[in-house]
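Please keep the sequence and the coordinates in view while reading.

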Amino acid sequence: MNRINGPTILPSILAADFSKMGEEVSAAVESGADGLHIDVMDGRFVPPITFGIQMIKDIKPYMKEVPMEVHLMVHEPITMIPELSDIGVDSVIVHLEACLDLEDTLLAIRSHGMKSGVAVKPDTEIDELESVLDQLDIVLAMTVEPGYGGQAYIASVEPKIKRIRKLIDERDLHTQLEVDGGINESTIKLAYLAGATRFVCGSAIFGPSKNVKTQITKLRQVLDSS
Ligand code: DX5
Ligand code: ZN
């Protein structure tokens with residue numbers, strides 16, 4: 001079920017087994033994921049390299065009708081936008097710290113018919129974000145330093161999440177507030193109470209000893225009881 005208006009759980013395939021990506025994506029899709037979060041890293045904006053356009057294209061047929069969100073941890077992401085649109089990606093999130101011209105980049109995303117998102121690292125101030133907030137479908141407050149899965153949630157980001165929530169509500173915007181990094185059965189409630197509504201979960205969902213459906217159900221139960 002796609003709960004567009006309620007809290008949204010987005011499995012991050014960064015924590016999946018890359019050698020059987022089709023099966024991992026299908027497991028998430030069939031387990032009720034609201035969308036899939038796809039982390040592209042370029043070895044420059046962040047140290048690791050994950051994958052690029054070809055992998056996203058190959059994953060798409062496994063998605064069925066589930067939305068595909070691409071989190072671009074790449075320097076100057078504007079160059080990737082036309083190809084992502086051609087594949088049928090639903091949402092593109094770029095880093096405020098990585099764009100030479102943020103407004104142009106957001107315009108490019110939207111003019112290609114995709115939802116636009118901006119991510120901010122844990123220590124990034126939100127002044128620049130405030131000026132583009134009304135052009136955004138998604139704000140992503142990183143709750144770890146971008147680049148690696150399996151890191152611990154940084155609780156000191158919560159005041160910033162609350163400030164963004166307040167700005168969205170004061171301006172009566174439709175912008176969704178997302179968190180990414182260290183989100184698990186304990187921390188999801190903290191981020192939810194701070195005002196987030198979209199939750200990226202990598203290592204809390206995928207892993208050798210984990211059942212994807214069981215993990216998504218547990219996370220959903222925490223949200224339902226919060
Ligand atoms: C990290 C990525 C995350 C990552 C989260 O830079 O943006 O999406 O997959 O992984 P967990 O949930 O394990 O912290
Ligand atoms: Zn991510």
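Helices (H or I, at least four residues) and strands (E, at least two) are DSSP runs, numbered from the N terminus. By this numbering, aspartate 172 lies in the loop between α6 (158-170) and β7. This is a predicted model, in which local features need pLDDT of at least 70 and side-chain atom pairs count only at pLDDT 80 or more, while totals for chains, interfaces and linings use all residues. Residues are numbered from 1 along each chain as its sequence is written, chains are lettered from A and ligands numbered from 1 in the order in which they are written, and side-chain values use heavy atoms, with hydrogens and water left out.

Ideal angles for six octahedral donors are 90 or 180 degrees.

A polar contact of 2.9 Å joins its side chain to that of histidine 95. A polar contact is a pair of N or O atoms within 3.5 Å; within protein, one must be able to donate a hydrogen and the other to accept it, and residues adjacent in sequence count only if both atoms are side-chain atoms. Histidine 95 is placed in strand β4 (residues 91-95) and is buried at 0% relative accessibility. The side chain of histidine 95 also makes a polar contact of 2.9 Å with the side chain of glutamate 97.

Aspartate 180 leads in turn to ligand 1. There are 19 residues around ligand 1, of which Ser12, Gly147, Asp180, Gly182 and Ser203 come nearest; a residue is counted when one of its heavy atoms lies within 4 Å. A polar side-chain atom of serine 12 is 2.7 Å from an oxygen atom of ligand 1. Polar backbone atoms also approach oxygen atoms of the ligand, at 2.8 Å for glycine 147 and at 2.8 Å for glycine 202. The protein buries 99% of the 390 Å² that ligand 1 exposes when taken alone, where accessible areas come from the Shrake-Rupley method with a 1.4 Å probe and, for residues, only the protein chains shown count as cover. Strands β2, β3 and β8 (198-201) are the elements that give two or more residues to the shell around ligand 1.

Aromatic side chains form 2 pairs in the structure. Rings of Phe, Tyr and Trp (its six-membered ring) pair if their centres lie within 6.5 Å; planes under 30 degrees apart count as stacked, over 60 as edge-to-face and the rest as tilted. The ring centres of phenylalanine 18 and phenylalanine 51 are 5.7 Å apart with planes at 55 degrees, so the pair is tilted. This pair links distant parts of the chain, 33 residues apart: phenylalanine 18 is in the loop between β1 (8-11) and α1 (21-30), and phenylalanine 51 in the loop between β2 (36-41) and α2 (53-59). Tyrosine 192 and phenylalanine 199 likewise form a tilted pair, 6.3 Å centre to centre with 50 degrees between the planes.

Two loop residues conclude the account. Most residues other than glycine have a negative phi. Glutamate 76, in the loop between β3 and α3 (81-87), has a positive phi near 50 degrees. Aspartate 172 has a positive phi of about 55 degrees and is exposed, with a relative accessible area of 68%.

Terms used. Buried means under 20% relative accessible area, exposed over 50%, partly exposed in between (1.4 Å probe, protein chains only).
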